[in-house]
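This briefing concerns the structure shown below.

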Amino acid sequence: MKTILNVIWLVLCGFWMFLGYLLAGVLLCITIIGIPFGLAAFRIGVYALWPFGQTVVERRDAGAPSCIGNVLWLILAGWWLALGHVLTGIALCITIIGIPLGLANFKLIPVSLLPLGKEIVPSDQPFAAR
């Protein structure tokens, strides 16, 4: 079932959201200071490309630098990407078939707003990464 949802997701909105994250990552990687933010954008972009079967967990070893980085991310790129997820989520929820895809878009909003200090793992092993 998750493969079917991933393929439908990829066609309807996953590829376009991936391109948004790719653009944000390239723009953020222009400076040396922005490289960690760009890498986070690429990581979340791959998650946005194929989200079903994966989940986001908090990293317990992330400290104050990730908190400060999240504030910078929110200002620079996070709210734009979250807005994209809100708009595509609403558009997908118009049809009954698109409701699971819209809910997946809403699931991506918190990680698009504050990505640092989080890890993307398979959903059948959310605690195996620790």
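Helices are DSSP runs of H or I with at least four residues, numbered from the N terminus. Cys93 lies in the loop between α3 and α4. The model is a predicted one, and the points below are grouped by topic.

**Packing of α1 and α3**

- Helix α1 spans residues 2–28 and helix α3 spans residues 64–92; the two pack with their axes 11 Å apart, at an angle of about 170°.
- Angles over 145 degrees count as roughly antiparallel, and α1 and α3 are therefore roughly antiparallel to each other.
- On the α1 side, the contact is made by Leu12, Cys13, Met17, Gly20, Tyr21, Ala24 and Leu28.
- On the α3 side, Trp73, Leu76, Ala77, Leu81, Gly84, His85, Thr88 and Leu92 take part.
- By residue class, this contact of α1 with α3 comprises 11 nonpolar and 4 polar residues, with no charged ones.

**Largest nonpolar core**

- The largest nonpolar core has 23 residues, and the members that touch the most others are Trp9, Phe52, Trp73, Ala77, Leu81, Leu101 and Leu108.
- At least two residues of this core come from each of α1, α2 (35–49), α3 and α4 (99–113).
- Helix α1 supplies the largest share of the core, 7 residues.
- Beyond its neighbours within four places in sequence, Leu101 is in contact with Leu5, Ile8, Trp9, Leu12, Phe52 and Leu92.

- Ser66 is found in helix α3 and has a relative accessible area of 16%; because buried means under 20%, Ser66 counts as buried.
- Apart from residues up to four places away in sequence, Ser66 touches Leu116 and Gly117.
- Leu87 also has its place in helix α3, but Leu87 is exposed, with a relative accessible area of 53%.
- Between the C-alpha atoms of Leu87 and Asn105 the distance is 9.0 Å, for a separation of 18 residues in sequence.

- Not counting residues up to four places away in sequence, Cys93 touches Gly98, Ile99, Gly102, Leu103 and Phe106.
- Cys93 and Gly34 are 59 residues apart along the chain, and their C-alpha atoms are separated by 34 Å.

Definitions and conventions
Residues are numbered from 1 along each chain as its sequence is written. This is a predicted model: local features need pLDDT of at least 70, side-chain atom pairs count only at pLDDT 80 or more; totals for chains, interfaces and linings use all residues. Side-chain values use heavy atoms; hydrogens and water are left out. Axes are lines fitted to C-alpha atoms, for helices over the stretch in contact, and angles run from 0 to 180 degrees between N-to-C directions. Angles under 35 degrees count as roughly parallel, over 145 as roughly antiparallel, 65 to 115 as roughly perpendicular and the rest as oblique. Contact means heavy atoms within 4.5 Å. Ala, Val, Leu, Ile, Met, Phe, Trp, Tyr, Cys and Pro count as nonpolar, Asp, Glu, Lys and Arg as charged, and the others, Gly among them, as polar. A nonpolar core is a set of buried Ala, Val, Leu, Ile, Met, Phe, Trp, Tyr and Cys residues joined through side-chain atoms within 4.5 Å. Buried means under 20% relative accessible area, exposed over 50%, partly exposed in between (1.4 Å probe, protein chains only).
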